[in-house]
Amino acid sequence: MRLSLIHSTSYPLVFDYIFHTDGTIEVRVSASGYLQSTFWEASQAAYGTPIREHTMGSLHDHVINFKVDLDVAGTDNSLLYTHTVQEEVIHPWLDDDWGQTVIQQRIVHEYIQDENKALLKFPENHRGGYAIVNQAEPNRWGVPRGYAIRPGYSPIYNTVVGSKRLLHNANWARYNLAISRRKDTEPSSSSTWNLNLPGTPMVDFHKFFNGENITQQDLVAWINVGMHHLPQAEDVPNTRANIATSSFFLTPLNYFDSDVSIDSTNAILINASTEGAPSSIDEYGVAAVQCMPEMVPPYHNIKLKAFALDYALWYIYEVIHDRMKGEGVFLDQQQPTFLLNFLNEFSSSW
Ligand SMILES: [Cu+2]
């Protein structure tokens, strides 16, 4: 099941929450729309890319923080770091020419107990990962039931650290994820006003991390998605949502005793017990469903007059129109000629 929400401005963000039949929840954010650009000047090539004759797409980062208040098999949860290491061991039963030393890998399970050590980046080469588990609730095989937090597309964090504008107000953006004790006094990782107070922000994310023990406690995961945006020609006219996308997965980790997607009622069992004979088919009583969407009606504008198919111009027209209305200048909806002229001039220099 997929739930999609669109936050629509000139730079729309599509939020997808995808519920997989194995119990995985996928969270994905995709960006599109118009770049906030600046004037192209060749000496500034280290800070952007020319995307038109006189226009530069500027280098920037997007980081978006999700608060994930997971309770895995109850509220008593721990942070498990599982990773692999290389080791050198002796296998005495070997009689190879090069000896009995073998280099191999092994799994290391480690519970992170100190909240201060739970400001995390995904391990290099993604050789391991983090999970919220309940140590007191094993599955059938004796393994603590858990949910892993896995990276999806573009698992990034903020590049710039230490700038005065981001002194303490975006500390949440410095990591891939962080795990803290859940508290009513820590409802969000930032606030609208943080922007204006870099040194003493309303919410300083680092203050959530004060050395508390996070073993078998009610925990919250703070997870970042985003993109290092080095603009390119193909960001015009719209940033491409297939590339400007970022995601993470919350996925069962020994939470079940096996893959539960097998229990999906729309499974079909085909039994061909005798060669040459027709096979029996069991659809478990689920009727075939065809979800054809309704035909989309032709586009028409219900507000004002539409100009050709260039939505960019149309958008600008609407913005200008709204501003003029806001400033008390009445724009006759039936006579937008002067505005069309303006748009033509604007588009030729654009
Ligand atoms: Cu961007």
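User: What is the spacing in sequence of the donor residues of the copper ion?

Analyst: In this predicted model, the donor residues of the copper ion follow the pattern H-x1-H-x166-H in sequence. His60 belongs to strand S7 (residues 60-68) and His229 to strand S14 (residues 219-229), so this pair ties together parts that are 169 residues apart in sequence.

User: What makes His60, His62 and His229 donors of the copper ion?

Analyst: A donor is an N, O or S atom within 2.8 Å of the metal. The atoms His60 NE2, His62 NE2 and His229 ND1 lie 1.9 Å from the copper ion, so they meet this cut-off.

User: Why is His229 called buried, and why is His60 called partly exposed?

Analyst: Buried means under 20% relative accessible area, and partly exposed means between that limit and 50%. His229 has 1% relative accessibility and therefore counts as buried. His60 has 26%, so His60 counts as partly exposed.

User: How do you know whether Tyr11 is buried or exposed?

Analyst: The relative accessible area of Tyr11 is 17%, and the limit for buried is under 20%; therefore Tyr11 is buried. Tyr11 lies in the loop between S1 and strand S2 (13-19), and the residues that Tyr11 touches include His62 and His229. An unreviewed UniProt entry annotates Tyr11 as "modified residue: 2',4',5'-topaquinone".

User: Why does Leu3 count as partly exposed?

Analyst: Leu3, in strand S1 (residues 2-7), has 41% relative accessibility and so counts as partly exposed. Together with Met1, Leu5 and Phe19, Leu3 forms a nonpolar patch on the surface with about 410 Å² of accessible area.

Terms used. Residues numbered from 1 in each chain as written. Predicted model: local features only at pLDDT ≥ 70, side-chain atom pairs only at ≥ 80, totals over all residues. Heavy atoms only, no water. Patch = residues over 30% accessible without salt bridge, like charges linked within 9 Å, V, L, I, M, F, W, Y side chains within 5 Å. Areas by Shrake-Rupley, 256 points an atom, 1.4 Å probe, with all protein chains shown as cover. Salt bridge = Lys/Arg side-chain N within 4 Å of Asp/Glu carboxyl O. Helix = DSSP H or I, 4+ residues; strand = E, 2+ residues; numbered from the N terminus. Buried < 20%, exposed > 50% of the residue type's maximum accessible area, 1.4 Å probe, protein only. Donors = N, O, S within 2.8 Å, 3.2 Å for Na, K, Ca; no water. UniProt positions renumbered as here; feature names shortened; annotations may be inferred. Contact = heavy atoms within 4.5 Å. Lists of a residue's contacts leave out its neighbours within four places in sequence.
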